[in-house]
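Please read this briefing alongside the sequence and the coordinates. It takes up selected contacts, strand pairing, a helix and the nonpolar core in turn.

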Amino acid sequence: MKSLERKNEDLRDEIVIRNETIEQLQSNIKQMQVEHQKQIQEVKQSYEAEHRKQSEYIDKILRYFPYVEKLMPMIKYLSEKMGFTDDLIRKLCTFKEVSVTGKLYSSEHNQSFSANGAICSLKQDREGHFDLNIDGVSRHSWFRRKKDEFMEALGLPTSRRQNRGLKL
């Protein structure tokens, strides 16, 4: 009987120790949660401050250079579709004429065309959109002309539509 009472008492002591350990762990978890919330709040405030700063910067750019927003689709086209380098795009964005030698890719014709000393520039149309001019004409016209020259060199009919009349 005494042995059982001793074991019972040992078990009660062990329960007390475990309960204290659990309380300590719960306290630690709460403290970690509070610290975590503080860190989240600091990161959120930092992000919001940086976001405000960037928004103010962008607003200022758009206020003093309103054409920048309209240039972005053309910059994307020049970079992704035509493979122009950043340096060449930067020069074109100063609205100066730039001489280009090499191959120019047309996604419309899925073909590259030789451009030996072609003069490229960005021009704004009546709607305010920018387009690439090559040798004084729109890129579409220039590529069509190059495609026709290529087809003629092969002895094939060009893409120019001819009036075929009515077929009966």
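In this predicted model, S121 touches L92, K96, E97, D131, L132 and N133, when residues up to four places away in sequence are left out of the count. S121 belongs to strand β2, and with a relative accessible area of 6% it is classed as buried, because that value falls under 20%.

**Pairing of the strands**

- Strand β1, which covers residues 98–106, pairs with β2 in the antiparallel sense over 9 bridges, and within this pairing L104 stands opposite F113 of β2.
- The hairpin of β1 and β2 has 4 residues between the strands, and N110 in this hairpin takes a positive phi near 55°.
- Strands β2 and β3 also run antiparallel and are joined by 5 bridges; F130 in β3 is the bridge partner of Q124, while I134 in β3 is the bridge partner of C120.
- In the hairpin of β2 and β3, 5 residues lie between the strands, and G128 takes a positive phi near 95°.
- Strand β4, residues 137–138, is joined to β3 by 2 bridges in an antiparallel arrangement, with I134 standing opposite V137 of β4.
- The hairpin that β3 and β4 form has 2 residues between the strands, and D135 in its turn has a positive phi of about 55°.

**Burial of strand β3**

- Is strand β3 enclosed by the rest of the structure, or open? Of the 5 residues of β3, 5 are buried, so the strand is largely enclosed by the rest of the structure.
- The side chains of β3 divide between two directions, with F130, L132 and I134 pointing one way and D131 and N133 the other way, and all of them are buried.

- Helix α2 runs over residues 68–80, and because its 13 residues should span 18 Å at 1.5 Å a residue, the 18 Å between its end C-alpha atoms agrees with expectation.
- L71, M74, Y77 and L78 are buried in α2.
- An α-helix has 3.6 residues a turn, so residues three or four places apart point the same way.
- The buried residues of α2 pack against α3 (86–92), β2 (111–124), β3 (130–134) and α4 (139–153).

**The nonpolar core**

- The largest nonpolar core has 22 residues, and those with the most contacts inside it are L78, M82, F84, L92, L104, L132 and I134.
- At least two residues of this core come from each of α2, α3, β1, β2, β3 and α4, and the largest share, 5 residues, is supplied by β2.
- In soluble globular proteins, nonpolar side chains tend to be buried together.
- L104, one of the core residues with the most contacts, touches M82, F84, Q111, S112, F113, A115, I134, W142 and F143, again without counting residues up to four places away in sequence.

**F150 in helix α4**

- F150 lies in helix α4 and has a relative accessible area of 36%, so it is partly exposed.
- Between F150 and F113 there are 37 residues of separation in sequence, yet their C-alpha atoms are 8.8 Å apart in space.

How values were computed: Residues are numbered from 1 along each chain as its sequence is written. This is a predicted model: local features need pLDDT of at least 70, side-chain atom pairs count only at pLDDT 80 or more; totals for chains, interfaces and linings use all residues. Side-chain values use heavy atoms; hydrogens and water are left out. The expected span of a helix is 1.5 Å times one less than its number of residues. Buried means under 20% relative accessible area, exposed over 50%, partly exposed in between (1.4 Å probe, protein chains only). Contact means heavy atoms within 4.5 Å. Two strands pair if DSSP finds at least two bridges between them. A nonpolar core is a set of buried Ala, Val, Leu, Ile, Met, Phe, Trp, Tyr and Cys residues joined through side-chain atoms within 4.5 Å.
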